[in-house]
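Have a look at the fold first, then we'll go through what sits where.

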Amino acid sequence: MMTSGKAACQLSQDTTDDFDWLIGQRSETHGAGPQSDHSPGGGGKFLYVHSAVQREGDIARVTTRRPFPASIGGCHLRFWFYMHGSDRMGTLKVYTVGPSGTSLLMWAVTGNHGSEWTYADVILANTAPFRVTFQAEVGGDMWTDIALDDISYTEECVVGGPVTPQPLTCGVDQYQCTYYFQCLPMSWRCDGELDCADKSDEESCPGQVPGTVPPQVGCPTGQYQCLDSSCVPSILRCDSVADCPEGEDEYSCPLLQCELGELVCEGSPGCIPLDKRCDHSADCLPFRSDESSCHECPWAYCLNGGSCLVGSHGPVCRCAPGWTGNRCHVREKVIPSTPTPEMEDRHLESVYAGVAIGLLLLLAGVALCFLAVCRRRCYALKHVMMSYREMDEQPADWRTEKSCAASVNPRRNDSPQLPISVYPWRREVEKELSFDNPLYTHPPDTRHTHCKSSEA
């Protein structure tokens, strides 16, 4: 139920929309809107849009006058809406509007919802103080009125919801990707390899290490002079490892990513290949680093447990597991480990493992049963073949005995074998020694009865 005055509703009409919301006790178009408000007695008023005189797509907005404090998930807007009269109903939307005027869609509904008031509960969220806007869009015909009633807000909307969460940040020794939240070791920044999903770790990379090369007046050829006048082999120049006390051996070096064995040269746009090292021709000027230390390993050349070997192209490091680079100074990139599974995940894994084991046992049982059946069938077939073979070894005149009418003397036994018969059509004197052929399907008594009737 809404009061008669618009001021009491604490809602303001939008001056930039196409038409205005109205307050009334019943819809102006019969069959297109509510005939009473949502209150039990139906004697109050409600907010509605009269679509019969508007065009399809026209928009009407009302906005709360007083802003609500910033809230994430705590503030609930509750109201009743009525959308009935046509299958071409328009749309009702709810927005939160921040101080800058940006509207965030919180909820929307369209379609015919029947001739009744429908309840809605909308969660409102905005990281800044906000107002709430109700927007109605006219549908495809004149029977598309939209009505609102009993608008209310939970207490959290007034006192403020949960504190806005702070943005995610990476550790102080990590690089945070720019456009996608991802934390990487700082050494992966500008290393020539795309590690961020948004590729931002290789954006805006400097072309060279800042710093000015100190004067080079006191060191022999093939050496580099540090600020404290100490000399280091020039092969240590521009190798991404600080060997001078202040790291000045890396000053003004180009930031290039070279393959193993190749050298970064400040006087060359590219890398010096391994086969051009120690070839008696200086390719990297002015410090001739490609011709430095060709027959020895500089002190502490291989780092992190690596061992140094001198080959035809100068010193080469054999790195310990987990390290790489010309001086074993780069830690190998390892894919970040996945989070430890929760107890629920482990429980599901146990269930899946049990199901898999059960299926394997079931398959094994089926296989054993199949083998047992095959073995039994093979044994039966072998027994049948042996029986047929025994029958084939009988005298040739046994076929004449198949006819009952031709049996002159069924007790006669011309065979020298033992008086044991496996044929139901032969009757031996010693009945106790006779037995029926299991392959013969007719009982002996039936056969004999038939024979007697034939002889008669």
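Let's start with tryptophan 107: setting aside neighbours within four places in sequence, it contacts Phe79, Phe81, Leu92, Lys93, Val94, Ala120 and Val122. Keep in mind that this is a predicted model. Trp107 is also among the residues that touch the most other members of the largest nonpolar core, so that core comes up next.

**The nonpolar cores**

- The largest nonpolar core holds 29 residues.
- Alongside Trp107, the residues touching the most other members there are Trp21, Phe79, Phe81, Leu92 and Phe134.
- The top contributor is β5, which gives five residues.
- There's another core apart from this one, made of twelve residues, including Ile235, Cys244, Phe287 and Trp323.

**Valine 49**

- You'll find valine 49 in strand β3.
- Is valine 49 buried or exposed? Its relative accessibility is 2%, so valine 49 counts as buried, the cut-off for that being under 20%.
- Not counting residues up to four places away in sequence, valine 49 touches Phe19, Trp21, Ala60, Ala136, Asp145 and Ile146.
- Valine 49 and serine 27 are 22 residues apart along the chain, and their C-alpha atoms are 8.9 Å from each other.

**Aspartate 195**

- Where does aspartate 195 sit? It's in the loop between β12 (183–185) and β13 (223–225).
- Aspartate 195 has 18% relative accessibility, and because the buried class covers anything under 20%, aspartate 195 counts as buried.
- Leaving out neighbours within four places in sequence, aspartate 195 is in contact with Gln182, Leu184, Trp188, Asp201 and Lys333.

**The chain overall**

- The protein chain has four helices and 20 strands.
- Out of its 456 residues, 33% count as buried.
- Taking the contacts in the chain with a separation of 6 or more, 57% come from residues 24 or more positions apart.
- The accessible surface of the chain comes to about 28100 Å², and carbon and sulfur atoms account for 56% of it.

Technical notes:
Residues numbered from 1 in each chain as written. Predicted model: local features only at pLDDT ≥ 70, side-chain atom pairs only at ≥ 80, totals over all residues. Heavy atoms only, no water. Helix = DSSP H or I, 4+ residues; strand = E, 2+ residues; numbered from the N terminus. Buried < 20%, exposed > 50% of the residue type's maximum accessible area, 1.4 Å probe, protein only. Contact = heavy atoms within 4.5 Å. Core = buried A, V, L, I, M, F, W, Y, C linked by side-chain atoms within 4.5 Å. Areas by Shrake-Rupley, 256 points an atom, 1.4 Å probe, with all protein chains shown as cover.
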